[in-house]
Amino acid sequence: ALKITNIDPLKYGLIFERFLNPERVSMPDIDMDFCQDRRGEIIEYVREKYGKENVAQVITFGSLLAKGVLRDVARIFGIDYSIADQFVKLIPNRLGISLEEAKEEEPKIAKLVEEEAIYKRLYQFGLKLEGLKRNSGMHAAGVVISDNKLWEKTPLYKQDENYVTQYSLNFLEDVDLIKFDFLGLKTLTTIDRTLKMIKENHNVEIEFSTMEMNDKKVLELISSGNTLGLFQIESEGMRELNRRLKPDCFEDIIAVLALYRPGPMDAGMTEEFVKRKNGEKEIDYFFDDFAPLLEPILKPTYGVIVYQEQVMQIVQTIGGFSLGEADIIRRAMGKKNIEYMKQKADEFADGAVKKGLKREEAIELFNLIEKFAGYGFNKSHSAAYAMITYQTAYLKTYYPVEFFASLLSADKDNTDKMVEYIKELNRMG
């Protein structure tokens, strides 16, 4: 209704409670993707719309981590860079590694600290300072919008005439501020440029918002695995999954984006989905008596629970919970809150019995849902990204010259990528 997205939530089963739950006390986290070239205009727009003193970007803090703290200490002590660098390079390249962990993992560090006074001093001061905040910065995407002047809720500082909160992300909700992530998405810029070129070269205006996303040729392109340049599905793993799954409707594209992740793949969900989709395995809905209630929810995913929304719908439909309660149960499942889940499993079974279903089967179903809930993906997110995937596939199918011209422009600093695009254009003739 607000045109924040052009995805119809009723058509694709996207639940509003997943976004804003009246029974949940915490604020929603709102991510919005914009054309990369014009993201700055959006931030300027909200400043003008809500007032410069009501809008701010969000502070970040850089910490003194293992390698960085040693380099900083060496610089302050006037230790020659090459001498310090020999020591720093011994620290294993592992994200978040501490100096103590590095010393345990790399015996050469312990040896140098014991034998060389300069390295002992460097290491000891590094230990004292490690983890402290080094500098402030500005979050790449975070923006807060307030109904009051911001200084009534958070300390501020100015950076290039713009306000920045001095509370970081995790503390904004405590002072009644809601955070938006205004993200610049390169693909939206590519689509925009392509549409303008198509208008200029062919005098054709493409309106994706009214287009049905079921074009046979577009779906055949995705199924072929020739998806270079297409949003989210151009990696080799994604190409192979599309070749095997052969999406023939928009719902399948939504599912592909949700299934190509470590959790579902390791749990066998992705393989199960492919086999059911291709008729290699029978589609079922857990228990025969439950099938009439579960089929409308699970039919788009061939009986596999892929989305968080499906978890919520099953809990609502079988257990009789509100969607708000179902969202809280879904979150608790993800956090493995055992006592709470045991209580809710009993309530779920009570609701199932009222519908004439077997209690023991209801308990078993609840336990199965709990397992899937840990891997389930947010369908609203997957659907919005699938829409962009489809749009790039449409443009590649019908207007490859304009589409690849836009891609070449976007990746002009990446020679390897440009060579790939040119080869793909030649392959397409």
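Which residue meets Glu272 in a salt bridge? In this predicted model, the partner is Arg276, and the N to O distance between the two side chains is 2.8 Å. A salt bridge is defined here as a side-chain nitrogen of Lys or Arg within 4 Å of a carboxyl oxygen of Asp or Glu. Both residues belong to helix H13 (residues 269-277), where they stand four residues apart, about one turn of the helix. Helices are DSSP runs of H or I with at least four residues, numbered from the N terminus. Glu272 and Arg276 are both buried, a class that covers relative accessible areas under 20%, with exposed set at over 50% and partly exposed in between (1.4 Å probe, protein chains only).

The model is predicted, with local features requiring pLDDT of at least 70 and side-chain atom pairs counted only at pLDDT 80 or more, whereas totals for chains, interfaces and linings use all residues. Residues are numbered from 1 along each chain as its sequence is written, and side-chain values use heavy atoms, with hydrogens and water left out.

Helix H13 also contains Thr270. Thr270 counts as buried, its relative accessibility being 7%. Leaving aside residues up to four places away in sequence, Thr270 touches Leu241, Leu259, Pro264 and Met265, where contact means heavy atoms within 4.5 Å.

In total, 36 salt bridges are found in the structure. Side chains of opposite charge can pair when their charged atoms come close. Glu44 is partly exposed, with a relative accessible area of 32%, whereas Arg47 is buried at 10% relative accessibility.

A salt bridge also joins the side chains of Lys186 and Asp411, with an N to O distance of 2.8 Å. This pair links distant parts of the chain, its members being 225 residues apart. Lys186 lies in helix H8 (residues 186-202), and Asp411 lies in the loop between helix H20 (400-410) and helix H21 (415-428). Lys186 is partly exposed, with a relative accessible area of 35%. Asp411, by contrast, is buried, with a relative accessible area of 9%.

Methods. Helices (H or I, at least four residues) and strands (E, at least two) are DSSP runs, numbered from the N terminus.
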